[in-house]
Amino acid sequence: MVRCNVLNITSNYSPHVDDTVALNARLDPACCSWMKIQDCGLVLEEQPGKVMEALRLFLQGQGYAVAGAARRASCVPSSAGSDR
């Protein structure tokens, strides 16, 4: 039997909410996470930031992603040129 961790994401307006609930019920609770994002229908198109954050936290929990604070610090633009 193959065992892997699963992140199952859906939205409250998706026509597949019941399918994701049924799939989640068949999986081992120790190996899966289920998330429903509010106020959208097509999660990847309408809320990509929330999906990215959920995926980053999921991977971080698995030990694959860098810490969020270190990543955010590298994305902040330098303000050295604004003093002149």
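In which helix is the place of L59? L59 is placed in helix α3, which spans residues 48–62.

## Model and conventions

This is a predicted model, in which local features need pLDDT of at least 70, side-chain atom pairs count only at pLDDT 80 or more, and totals for chains, interfaces and linings use all residues. Residues are numbered from 1 along each chain as its sequence is written, and side-chain values use heavy atoms, with hydrogens and water left out.

## Overall architecture

The protein comprises 4 helices and 2 strands, arranged from the N terminus in the order β-α-β-α-α-α. Helices (H or I, at least four residues) and strands (E, at least two) are DSSP runs, numbered from the N terminus. Of the 84 residues, 19% count as buried; buried denotes under 20% relative accessible area, exposed over 50%, and partly exposed the range in between (1.4 Å probe, protein chains only).

## Strand pairing and crossover

Strands β1 (residues 6–11) and β2 (residues 32–37) run parallel and are joined by 6 bridges; strands are taken to pair if DSSP finds at least two bridges between them. Within this pairing, N8 stands opposite W34 in β2. The chain passes from β1 through helix α1 (residues 17–26) to β2, forming a right-handed β-α-β crossover. A crossover is right-handed if, with the strands pointing away from the viewer, the path from the first strand over the helix to the second runs clockwise.

## Salt bridges

The whole structure contains 2 salt bridges, each defined as a side-chain nitrogen of Lys or Arg within 4 Å of a carboxyl oxygen of Asp or Glu. One of them pairs D28 with R3, whose closest N and O atoms are 2.6 Å apart. Because D28 lies in the loop between α1 and β2 and R3 in the segment before β1, this pair ties together parts that are 25 residues apart in sequence. D28 is partly exposed, at 33% relative accessible area, whereas R3 is exposed, at 52%.

R56 forms a salt bridge with E53, and here the closest N and O atoms are 2.9 Å apart. Both residues belong to helix α3 and are 3 residues apart, about one turn of the helix. R56 counts as buried at 12% relative accessibility, while E53 is partly exposed at 26%.

## Cysteines

The structure holds 0 disulfides, a disulfide being a pair of cysteine sulfur atoms within 2.5 Å. The sulfur of C4 has its closest cysteine sulfur in C31, at 8.0 Å, which is too far for a bond. C32 is likewise in no disulfide, since the nearest cysteine sulfur, that of C31, is 7.3 Å away. C4 is exposed, with a relative accessible area of 51%, whereas C32 is buried, with 16%.

## L59 and its surroundings

L59, L55 and Y64 make a nonpolar surface patch of about 320 Å². Patches are made of residues with over 30% relative accessible area and no salt bridge; like charges are joined within 9 Å, and nonpolar side chains (Val, Leu, Ile, Met, Phe, Trp, Tyr) within 5 Å. Accessible areas come from the Shrake-Rupley method with a 1.4 Å probe, and for residues only the protein chains shown count as cover. L59 itself counts as partly exposed, at 32% relative accessibility.

L7 lies in strand β1 and is also partly exposed, at 23% relative accessibility. The C-alpha atoms of L7 and L59 are separated by 9.5 Å, although these residues are 52 residues apart along the chain.
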